[in-house]
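Open your viewer and keep the selection tool handy.

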Amino acid sequence: MKGRKLLITGAAGFTGRHAVAYFRAGGAEVTAVVRHPAAESAVFPEGVQQYVCDLSDRKAVHTMIGQVRPDEVLHLAGRNSVPESWRDPLLYMETNVMATLYLLEALRAQPASRILVAGSRLKYSPGTDVGPPHPYSLSKTLEELVSLAWGTLFKQPVLLAEPCNLIGPGPSTGFCSLLARHIVRSEALSGTDEGIPPFRLSSRIELRDFLDVRDAVRAYDYILRKGETGKVYRIDSGKQRTLGEIAEKLLAHAAVPVGMDWGPKAGVPAEADSGVLPGSVTQPETSEDNVTALGWSAAIPLEQSLADIVDFYRASREGRM
């Protein structure tokens, strides 16, 4: 990776922190873009340049690209809360759509700079009878459409990735991390008079594809280096598992009994089970190219990912809040 000049947006986020560490460890010159400075610098390895920029500020984005002049951009920044998107849909258009356009427009001054935009499986298919299920889905669909269109219109090397549910150590609001935090809190409060409500599992039978975030970051590397511009690359483990199975695997790491509200029991028809975890990504049939075509393959077993998540919260104050 030596000689690569890479700019990573959303660098302080769950995936962003892993991406910064991975590319820096490989010798790349990494600029980590954050919205706020302060303590965020502590999460980055030595040698990483931190750049504070509000991506919704068009002029600030243009200035940043002019100063950094990256060879590659990994665009991970954005908002991804379905409930929040209902409360403030315009914020999601500004953050996920307009900020991406500002970045693409600023990169027009550097036509050789490759940009990989991290999309979402929660997009929908425009032109069908089924509309967007929520504003977040609309924002990510528009982000993908404008990214591909900008690349075509202005001959920019734009690539897109659509990862499945990413898990692993680090601060995250995903299902596995929420349950791991619940386990660690249950351990911390065991033997005291203070208790916590049982963890509510919306569905035992819904299927999800979970992939370690560290494997996903390697996939981003493969796409940046080998991907064909104008294509959307699907990133997943290739195996779907029920939420009940994942929950049981996590609970096996608990040192004390953990309160659970299991929701619908096994055997309930899927159509009768309407529980959906916020932010979870289903596994629809898609026409996108799988990143495995570039030589990538998942390397971290699910069991290791789950163990690493629990260990992270045991070692972190977050798990004992």
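Start by selecting the buried residues of α9: L302, S305, L306, A307, D308, I309, V310 and Y313. Keep in mind as you look that this is a predicted model.

Now show the whole of helix α9, residues 302-315. Its 14 residues reach 20 Å from the first C-alpha to the last, close to the 20 Å expected at 1.5 Å a residue.

What do the buried residues of α9 pack against? Colour these elements to see the surroundings: the strands β7 (165-167), β9 (207-212) and β11 (240-242), together with the helices α6 (175-189), α7 (213-226) and α8 (243-251).

Next, zoom in on S305, which sits in helix α9. S305 counts as buried because its relative accessibility is 2%, under the 20% cut-off. Leaving aside residues up to four places away in sequence, S305 touches I167, G168, D212, R214 and I300.

For the last stop, select helix α4 (residues 89-107) and helix α5 (residues 135-153). Their axes come within 9 Å and cross at roughly 15 degrees, so α4 and α5 are roughly parallel to each other. The crossing of α4 past α5 is right-handed.

To display the contact, show side chains on both helices:

- From α4, pick P89, Y92, M93, N96, V97, T100, L101, L104 and E105.
- From α5, pick P135, Y136, L138, S139, K140, L142, E143, V146, S147 and W150.

Colour this contact by class and you will find twelve nonpolar, four polar and three charged residues.

How values were computed:
Residues are numbered from 1 along each chain as its sequence is written. This is a predicted model: local features need pLDDT of at least 70, side-chain atom pairs count only at pLDDT 80 or more; totals for chains, interfaces and linings use all residues. Side-chain values use heavy atoms; hydrogens and water are left out. Axes are lines fitted to C-alpha atoms, for helices over the stretch in contact, and angles run from 0 to 180 degrees between N-to-C directions. Helices (H or I, at least four residues) and strands (E, at least two) are DSSP runs, numbered from the N terminus. Angles under 35 degrees count as roughly parallel, over 145 as roughly antiparallel, 65 to 115 as roughly perpendicular and the rest as oblique. A crossing is left-handed if the near helix is turned anticlockwise from the far one by less than a right angle, and right-handed if clockwise. Contact means heavy atoms within 4.5 Å. Ala, Val, Leu, Ile, Met, Phe, Trp, Tyr, Cys and Pro count as nonpolar, Asp, Glu, Lys and Arg as charged, and the others, Gly among them, as polar. The expected span of a helix is 1.5 Å times one less than its number of residues. Buried means under 20% relative accessible area, exposed over 50%, partly exposed in between (1.4 Å probe, protein chains only).
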